[in-house]
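This briefing concerns a structure that is shown directly below.

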Amino acid sequence: MATAQSVPVDLSAALVLSPPPLGDWLVVAPVVLMIGLGALLMMVRKSVRLHGAIAVAGLAALVVVDAALLWRVSTHGPVTMVMGRWLPPFGIAFTADILGSVMALVSAIVGLAAGFFGLRDIDAAGRRYGFFPFLMLLMAGVSGAFLTGDIFNLYVWFEVLLISSFGLLILGSEPEQIEGAMKYALLNLIGTTLFLIAVGYLYAIFGTLNMADLVGRATLMSERAPLTTLTALFILAFAMKAAAFPVNFWLPASYHTPRIVVSALFGGLLTKVGIYSLLRVAIMLLPVEREQLSIAIAVSAVLTMMVGALGALAQSDTRRLVGYVVIAGIGNMMAGIAIGTPAAVSGAVLYAVHSMVTMTALYLVVGEAARLGGSWSLATLGGLYRRSPWFASASFLLMLAAAGLPPMSGLWPKVALLKAAIDIGAWWLAGAILGSAFILTLALARVLLLAYWRPRPQTRIDAPTAVVAPAADWRIILPLGGLTVLTLGFGLFPEPLLQLAQAAAEGLANPQAYIHSVFPGGAAP
Amino acid sequence: MNTLILRTVAPGLTALMLLFSIFVLLRGHNEPGGGFIGGLIAASALAIYGIAFGVGAVRRAMRFHPMTIAGAGLFMSTISGLVSILFGVPFMTGLWIYPSFLGAEVPLSTVMSFDLGVYLVVLGSIVSIALALEQDSEPEEQAVAPLPSPAELRPEVKKRRDPRRRAKESR
């Protein structure tokens, strides 16, 4: 105000006075871009013809921005920008380290693939309902969760992505969808409420919410504060989000109801946001307490892997089957978090990246198989190899990836996790990883045998949709082919990604660079 | 709620509440108030109007669809945060200008435009929910266009299905 200008005040204690370099804007750019475009699409909600073009262009821009951010983070170290110029820990900080920017980049690629697929999968009614605005806001929530440096802000992005996911889930308003959405919404609301309670508890103990400020404080206060309870609360909340064993039942109950492209997005991204938060909180902020709870996490991980693999073997609905494959992957990542050594954490990060791409692609495969074969059920699907050999080959490669077999991307994270488990002598954990991979191979081979190699069963002649299904066009070939090539690339040339995952794990174990990026002048006041 | 008293009072009350919502919005920078509560007051003003005159009247009075208004508000808030890139300060920093109109200094800021965006988001989304709820419980609209009974519908359904079946057979 005018009067304040005349009084000399030392602003350097409260405000950022030096102008931020233009490159620092990259850390807020993904979120701003997505929210801005989401708002724009809401404004032109009647002209649904524009939606697809704007959304796909925006998602392509998001990939570019996230790639630039990753490049900047890997050359200059973690990047921070504080909102409204206030110094952290009071100003909300957006901080991107290697982990956050890798996850953001992969999620953007997955989002772009889903955008392309949505051009075909979502009809005019679905667009008028708001598929593309919801997609933009979902991506804003996911990017925000990966890039924020403030734990309450993380909660806010969880809410953003949850609310947009509710919208996407009931796209079409079929009774089956409403039922699935009820289960999903209820469980996720309980999960986020637990998260909120944990954040409040955390604030009561430490008096700060900034992640860089929280690092290391836990070790100072481990005698006085009930930190194990706090950590258990966080782990339960994030495990609910990630669909780990005791709280995994909502995922197969709801993920098969929406349009397949929505399932693909959810299976690829949302559970991995839970894993990312778990990595951030359990590995970076509360490492000692995670060590105390590691047996519990490991048991949950083993059961998650087994439930996922056996569930996949038991299902005959292809969408539910893929849902169980997602859960089995979550078990593997939880195993990495339970072990907690940098090698194991890098395995978990690698697995998360692989899982985002592969699970999305696998859902898209299932959707395309249903379009070609006219059914979601393994009992009636058949003859897909004969119908489209190229599609069948891509599916085969993606199933290899999901089962963790070479030459695809699934191999390397499993190898890393196995080695980490054997290194600390947890043979039962290693056995569970191998066992779950074996059962998954059986389950996916079953899909391949029944839906692709077996001739089309002639019991139901009255399925005319299969006969008249039009040929695939670029809106399907591009996302499916792109994701397949990506997983194949990870599998054949894993070195760059392995290095990135190791750097990400290193950044979590020794977050000095992260702290320095938020507090360049030294520790917090 | 189709009473003479409400219908007489509603226009004045709506205008007064809309005016008050803008007062609360502008007051919010330094005192209790702000975009959120202002938007809620404005939304309840339009809801009262809707209760008195029906959903159609509110939609006509608003000119734009409520969701469009919400989108515009969200867009405005985003842009308000982005303005600071031009001035070399971090995202969402408040920037002020002090133009004078007729000798009176009027402080304007990106904080205010952000808050105005919040106002529009709240207004748009709450009105959109309120109108959807009011629409379902409105007996007049059903009286205007009575739903056909299942018996009336049936022959039409058959008629619509016929061409497809014929096409299938010819194939």
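What are the helix and strand percentages over residues 70–96 of chain B, and how many Å apart are the end C-alpha atoms? The span is 48% helix and 4% strand, with its end C-alpha atoms 25 Å apart; helices (H or I, at least four residues) and strands (E, at least two) are DSSP runs numbered from the N terminus. The model is predicted, so local features need pLDDT of at least 70 and side-chain atom pairs count only at pLDDT 80 or more, while totals for chains, interfaces and linings use all residues. Residues are numbered from 1 along each chain as its sequence is written, chains are lettered from A and ligands numbered from 1 in the order in which they are written, and side-chain values use heavy atoms, without hydrogens and water.

**Chain B overall**
- Chain B contains 7 helices and 4 strands, in the sequence order α-α-α-α-β-β-β-β-α-α-α.
- Of its 171 residues, 31% are buried (under 20% relative accessible area; exposed is over 50%, partly exposed in between; 1.4 Å probe, protein chains only).
- Among contacts (heavy atoms within 4.5 Å) in chain B with a separation of 6 or more, 64% join residues 24 or more positions apart.

**Record annotations**
- An unreviewed UniProt entry lists residues 5–127 of chain B as "domain: Na+/H+ antiporter MnhB subunit-related protein"; such annotations may be inferred rather than shown by experiment.
- The "transmembrane region" annotation from the unreviewed UniProt entry covers residues 12–29, 35–58, 70–96 and 116–133 of chain B.
- Residues 116–133 of chain B are 100% helix and 0% strand, with end C-alpha atoms 26 Å apart.

**Surface patch**
- B:Phe36, B:Ile37, B:Leu40, B:Ile126, B:Ile129 and B:Leu133 form a nonpolar surface patch with about 540 Å² of accessible area together.
- Helices α2 (35–53) and α5 (110–136) of chain B each give two or more residues to the nonpolar patch.
- B:Leu133 lies in helix α5 of chain B and is exposed, at 59% relative accessible area.

**Nonpolar cores**
- The largest nonpolar core has 193 residues, and A:Phe234, A:Phe266 and A:Tyr452 have the most contacts inside it (buried Ala, Val, Leu, Ile, Met, Phe, Trp, Tyr and Cys joined through side-chain atoms within 4.5 Å).
- Helix α16 (residues 342–373) of chain A gives the most to this core, 18 residues.
- Apart from it lies another core of 12 residues, including B:Val55 and B:Tyr119.

Definitions and conventions. Patch = residues over 30% accessible without salt bridge, like charges linked within 9 Å, V, L, I, M, F, W, Y side chains within 5 Å. Areas by Shrake-Rupley, 256 points an atom, 1.4 Å probe, with all protein chains shown as cover. Salt bridge = Lys/Arg side-chain N within 4 Å of Asp/Glu carboxyl O.
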